[in-house]
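Q: Could you take a close look at one helix pair for me, starting with the handedness of its crossing, and then walk me through the surroundings in the rest of the model?

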Amino acid sequence: MISLETVVPFLICFPVIVAVLMFITRNSKVRAIFAYVGAVAIIAAVGFLLVDWVTNGCQPVALFVETETINHVILVAEIVLMFVVTFLCFKYKKYWISILSIVPTCMIAYVDLRGPKLEEMHHVYLDHLSILMCVIVGLIGSMIAIYAVGYMDGYHKHHTEFKDRTYYFLTVLFLFLGAMFGFVTSSNLLWIDFFWELTSVCSFLLIGYTRTDEAINNSFRALWMNLFGGTALAVGIVYAAYVAGTTDLQTLVALGVLKQPAAVLPIAMIAFAALTKASQLPFSTWLVGAMVAPTPSSALLHSATMVKAGIYILFRLAPGMSGTETGLMVSLVGGFTFFIMSIFAVEQTDGKKVLAFSTLSNLGLMTACAGVGVPATVWAGVFLMVFHAVSKSLLFQDIGATENSLHTRNIEDFGGLLHRLPKLASCMFIGIVGMFLAPFGMLFSKWATLKSVIDSKNIILVLLICFGSATTTLYWSKWLGKLIQNPSEDKEVKDVTKTGEYISLYIHTAIMIAVTILIPTASLIYVNPLVTELFGTSTDVMSKSVLYTMVAMLILAFLVPFLAYLFTKNQPTKVDLTYMNGVNSGDNKGFVNAFGETTKMELGNYYFDDTIKTGKMMKYAQIALAVWIVVMTAMAIVKGGAF
C-alpha cells in the first residue's frame, strides 16, 4: 500500500537509482528512455504524495523517529563527500577550499557520535511548505530532466569543442533532485546538513561540466561560497545541540518565536547559511558564474533547486526572525540584492545573464519577505517563489533551445523572433510577460510584497523595492520589444528543437497561465493554511477589492486585443514610410545611403554600459553587505544573550 512512509523514501532514493542508470548507460537512446521513465515516475510519486497527504486532512505529519541505521548511512555518505571534495580541491590546487568541507564534516560527525544525548525526534516533517517544495522540485525538476535529454544532443552538435559527457550530466541532475527531496522533507538539522552538502557538490559538478578554465574557476567559486555557508550551518547545529538541546528545525524555530537566547545564534547562523545558498550579496557571484554550464543546469539551479533551498530555509525561520536583528539583517540584504541586481540586468545583452541577474533580483525580494517575517510578507513570498520557479525554468529552457537554433543568445539578435521562430518566441513571450506584466501573478505578488512591507513601516526596504521594480520593468521591456519588432532579416531560421524539449516548454507555459488564473483559489485552500502553520495566524491578502482588480485585469488582457482585432480585421493594411537617413527603400527596413547603396536599418536597445559598471559596483556592494551582515549578526548574538 502506498503511504507517506513509502513515498518520501522513494522520492529521495529513486532519483539516485536513476542517476546510477544514467552513469552506466552509454547508449543514448536507452539512456533517454531511462530518463523519461524516471522523470515521469518522479512526477507520479509527487502526485501520490500530494493525494495521500490531502486524504489525511492536509495536516502536518511527523515521520521516522527510529532511524539509527539511516543516521549512520547519512554520516558515512557525508564523510565520503568530504573526501571527494578534498580530492578535487587538491587535484585542481584549490587546497584551502577543502578546509570548508573537512571542518564542518568533523563537527557534524562529533555531534552525531559523541554529542549530547538528545530527546527522540522525528526526522521527516511534511506540511504545506514542504509539500509545495516537493511539487516544485518534482514537477519543474523532472520537466528540466526531460528537456535536458534533447537539449544536450543539440548542445554537443553546436559545441563540438566539448567532450560529450551527457551521461555524466544527467547523472548529476537526477542526483540533485534526490538531494533536494531529502532537503525539503528533513526536520533533523543533521540530515539537512548532509543534503545541503550534497546539493553544493552537485551544483559544483554541473557548473564545471565543460572543464574549461572558466568553468572550473566558476565551479570552485560556487563550491567555496556554499561550503562557507555550510560551515555556518554546522556551527549553528553544534550550538543548538549543546545549548538549545535540540537539532530539530521546528523546535528551534519555536524557541526563536519565544525569543529564547539559546535559539538566537543557531537561527542567525542558519539564516546566514541560507543567504549563501540563495546567492544573496555578498555571495551572488557564484550564481552568475553558473551561466557557463549548459542551459538545463542553469534552469535547475535558478528555478527548482539550489537557490530555492535557501529561500525554503528562510521561510522556515521567518517566525523566529520576526522583529529581531537577524530578521532586519536578512530583509535589508534581500532588499538591496533585489535593487542592485535589477540594475545590473539592464546592462546585459546576453539573455542568460539577464535571466541570472533577474533571478538574483527576485531571490532578493523573497529573502526580504522572509526577513520581515510577518504573515503577509511570507504569503507574498510563497507566490513569488512559485511564479519565479515556473517562469525562470521556462525562460532558461527556451533561451537554450533558441541558442541551438540561432547559435546566439544575444538579445539584440532576437529581433523579430516571433516571425522567425514563432513557437519558441511565443513561449518566451509568455515567460517574460509573466515576470512583470498584468494579469500574471508575478506582478500581483510584487504588489502584495510592497503593500505588506509598507504596513511594516520599513521605509528603506520600501524604497529599494520601488526602485528595483521600476528597473525590472526596463530590462524586461527591452527584451520584449526585440521579440515583437519586424525582423531585420528575411533569412529563414531552422528550428532544431526536439519534441521532448517542446513538451517541457508547453507544459511550463500552460502551468504559468493556469497558476495565474488560480491565484484566488490557491490562496484560499493552500497558501493561507501554509502561513497559518508557520505563524499560527494568517492575513487575508486576497480581499474582495483585490479579487475584483484581478478579474478586471484578466478580462482586459484578453478583451483589448480581441476588440482591436475586430475593429481592424476588415481595414486595408497601410504602411506609412518612415523618414530615414536617406531615401526609404520602400519597406521601412532600410534606406538608400549617399553612395546609392541600400542599407538595412537596425533597431537596437540601450544598455547603459557607459553608466552601469557591473564589475566595480558588484565589489562595492559585496563589501557593504559583508560589513552589514557581520555587524547585524554580532548585534543579534549579543543582544539576544546567546553568550
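This is a predicted model: local features need pLDDT of at least 70, side-chain atom pairs count only at pLDDT 80 or more; totals for chains, interfaces and linings use all residues.

A: Helices α18 and α21 cross in a left-handed sense. The α18 helix covers residues 422-436 and α21 covers residues 499-517; their axes come within 10 Å and cross at roughly 35°. On the α18 side, the contact is made by Lys423, Leu424, Cys427, Ile430 and Gly434. Facing them from α21 are Tyr502, Leu505, Tyr506, Thr509, Met512 and Ile513. Sorted by class, the residues of this contact divide into eight nonpolar, two polar and one charged.

From α3, the residues in the contact are Asn71, Leu75, Glu78, Ile79, Met82, Val85, Thr86, Cys89 and Phe90. From α4 they are Tyr95, Ile97, Ser98, Ser101, Ile102, Thr105, Ile108, Ala109, Asp112 and Leu113. By class, that makes twelve nonpolar, five polar and two charged residues.

Once neighbours within four places in sequence are set aside, Ile102 is in contact with Met82 and Thr86, both of which belong to the α3 side of the contact. Ile102 and Met82 are 20 residues apart in sequence, and their C-alpha atoms are 6.1 Å apart in space. Ile102 has a relative accessibility of 30%, so it counts as partly exposed.

Phe64 sits in the loop between β1 (61-63) and α3. Phe64 is not a glycine, yet its phi is positive, at about 60°. With 26% relative accessibility, Phe64 counts as partly exposed.

Met180, Phe183 and Val184 of α6 meet Ala309, Tyr312 and Ile313 of α13. The class count for this contact is six nonpolar, no polar and no charged residues.

His128 is found in α5, a helix of residues 128-158. At 4% relative accessibility, His128 counts as buried. Its side chain makes a polar contact with the side chain of Glu533, at 2.7 Å. Apart from sequence neighbours within four places, His128 is in contact with Trp53, Cys58, Ile525, Tyr526, Pro529, Leu530 and Glu533.

Asn404 belongs to α16, residues 375-406. Its relative accessibility is 7%, so Asn404 counts as buried. Leaving out residues up to four places away in sequence, Asn404 touches Tyr151, Gly154, Tyr155, His158 and Val496.

Leu287, in α11, is buried as well, because its relative accessible area is 0%. Beyond residues up to four places away in sequence, Leu287 touches Ser279, Leu301, His302, Val307, Thr359, Leu360 and Leu363. Leu287 and Trp196 are 91 residues apart in sequence and 16 Å apart in space, C-alpha to C-alpha.

Pro282 is placed in the loop between α10 (261-277) and α11 (285-289). The peptide bond that joins Leu281 and Pro282 is cis, with omega about 10°. Arg211, in turn, lies in the loop between α7 (189-207) and α8 (213-244). Phi of Arg211 is near 65°, a positive value in a residue other than glycine.

Conventions: Residues are numbered from 1 along each chain as its sequence is written. Side-chain values use heavy atoms; hydrogens and water are left out. Buried means under 20% relative accessible area, exposed over 50%, partly exposed in between (1.4 Å probe, protein chains only). Contact means heavy atoms within 4.5 Å. Helices (H or I, at least four residues) and strands (E, at least two) are DSSP runs, numbered from the N terminus. A polar contact is a pair of N or O atoms within 3.5 Å; within protein, one must be able to donate a hydrogen and the other to accept it, and residues adjacent in sequence count only if both atoms are side-chain atoms. Ala, Val, Leu, Ile, Met, Phe, Trp, Tyr, Cys and Pro count as nonpolar, Asp, Glu, Lys and Arg as charged, and the others, Gly among them, as polar. Axes are lines fitted to C-alpha atoms, for helices over the stretch in contact, and angles run from 0 to 180 degrees between N-to-C directions. A crossing is left-handed if the near helix is turned anticlockwise from the far one by less than a right angle, and right-handed if clockwise.
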